[in-house]
Amino acid sequence: MSDHALTEEPLHFGEGGRLLGILTRPAAPPGNARKLPVFVLLSSGLLHRVGPRRLYVHLARELARMGFSTLRVDLAGVGDSPPRPGLTNNQSVTADYGEIVSVLESRLGRVSLVVGGLCSAADNAIKLAPADQRVIGMFLLDMVCFSDDRYSARAFIARHLTNRFAARAFIASYLNPARYIRALMRRIKAVSVPLRDRFKRVELPLRPDIPSREQVRAAFEAIRERDGKVLSVFTQYALHDYYNRRGQLARVVGVDGYWRFCTELFWPEAWHTFDLDAHQRRLIEAVKTWAAGYIHS
Amino acid sequence: MNEAFFFGPADQQLFGNYHAPVAGDGQVLTVICPPLFFDYMRTQLTLRRLALSLAERGQHVLRFDYRGTGDSFGELGEVTVSEWIEDVALAVREGLDISGSRKVRLVGVRAGALLACRLPVAVREFQRLVLWDPVPDGAQYLQETRRTQATMVRRHLHLSRDERRQGMLEYAGHPVSERMLDEFRSLDASAYSNVPSSKLQVVSTLPVQPFPVAGISQHVARVACNWDTDIQDPMRPQSLLLETLIVCLTMP
């Protein structure tokens, strides 16, 4: 290998070797290597296991330098893993996950896992975590979130009052009588809508099968019960669609002791795919700091 | 059947993915030289589909990542264009060793075309080079990548002035060395003249860009790849494009 601190091995695994992942391991495993969890980085959307701007490659190698093993994997239908015909997305991911666990246990023995990744990978990690006792951590980049009671007010302020041009337009719009007629019409219409439908969860385009609020809560509770940890990072992508303040996830998940086992970061300056070098480096440092908690615990 | 592996010298390992021929005599090896930066992520699925299709038609196929890209070792800020050209040669040698083939065909995609066209004179087994939407020259490609980078930086709404300034210095989100930039600029259109015209074919998507060397057969696949606008949308394999590439790579 080109890096003396680590080794990498491509693994074809699962039925007929259909899935492809790269297993990164420290060249000289630390004394507590068997106690450290293995990171599983799930492919995100249509992006293959390398991740945007090699994010997963860099993460895996940095984690290996700390003593962690990592599998970055193409889920079925992505990268070099062919799709599973006839299965829904959830069924396919569940089947993939079973094969990921099998191959890791065959190579590394009994393992505990940190599962996660970007966007749909985070959503998948949330859905997988409750059912598997091995999962003691989740690493979630732009996971789904839900509006809390102050979300709309914050979005309103951010949209209209944070710069003078927007503020001017805002004042002008309030002097327009048509605005009040539209508001009245909306109010009349709203009376006929059942209360539960007025607070629908945010629908995210191009993101199938997002987990429900109950699934998110179940995943976080499962991790807390296993004395595990969660790292969630939200970016400008989340800011535009569904998340606008650090702590919003804590409020909507409503899990006791949230801040004891969860790290919630909000980086509105970063793009969803951490496109700038400084942002990717900052993310990797944050993950390393968070992961170091497993070494010291 | 495909097999992923690392190859090359111990301190410069490259990631490769070999597709064995499913049928046929397996006399031909095709080595796919991928594009760079944004185009690399966008084309991954299409190039995999191309490799599978060629293997089904009896060819050995090797896909690989240049050092500092994809799953290969190294960092993009530390590698040079001349090392990438060496990587093409390494991949061809590796492919020949694995397959035992005596005929090599190369596919060069976008900037990968500029790298691939440096190889043929040095390889006895070389038979054909097919270029998919080759970039006209290194300097123009760098300009195009800078424009894309500027678009990318602009869509960040909450950057500090310093972050914005730093971001504008990157290429597709990567810091690259001055040496890399100089070497890229030196790759002008004459690089394509390195390949005998009888062995060179060009596959263009819409809108068709004129190829800088006269007298080269240019095949048009009537699909749009939108290289400069859809910078982060992975491209789903498009049958018209694949068929055109396959025709160029399988004709006797």
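Which strands of chain B does helix α2 (residues 81-99) lie across? In this predicted model, that helix covers β1, β2, β3, β4 and β5 of chain B, and runs at about 150° to β3(B).

Helix α1 (residues 37-56) of chain B packs on the sheet too, where it touches β2 (14-19), β3 (28-33), β4 (60-64) and β5 (103-109) of chain B. The direction of α1 makes about 165° with that of β4(B).

So much for the helices of chain B; now the sheets. Chain B has an open sheet of 8 strands with mixed pairing, in the order β1-β2-β4-β3-β5-β6-β7-β8. At its edges sit β1 (2-7) and β8 (217-224) of chain B, each pairing on one side only. From one strand to the next, the twist averages 20°. Over at the β8(B) end, strand β7 (residues 200-206) of chain B pairs with β8(B) in the parallel sense, with B:Leu206 opposite B:Ala224.

Chain A has an open sheet of 8 strands as well, with mixed pairing and the order β1-β2-β4-β3-β5-β6-β7-β8. Its edge strands are β1 (6-13) and β8 (262-267) of chain A. Neighbouring strands here are turned by 15° against each other on average, direction ignored. Inside this sheet, β3(A) and β4(A) run parallel, and A:Leu42 has A:Val73 in β4(A) as its bridge partner. Helix α3 (residues 120-128) of chain A lies across β3, β5 (113-118) and β6 (135-141) of chain A, at about 150° to β5(A).

| Strand pair | Residues | Bridges |
|---|---|---|
| β3(A) and β4(A) | 38-42 and 70-74 | 4 bridges |
| β7(B) and β8(B) | 200-206 and 217-224 | 5 bridges |

Note on methods. Residues numbered from 1 in each chain as written. Chains lettered and ligands numbered in written order. Predicted model: local features only at pLDDT ≥ 70, side-chain atom pairs only at ≥ 80, totals over all residues. Pairing = 2+ DSSP bridges. Helix = DSSP H or I, 4+ residues; strand = E, 2+ residues; numbered from the N terminus. Axes fitted to C-alpha atoms, helices over the stretch in contact; angles between N-to-C directions. Contact = placed C-beta atoms within 7 Å.
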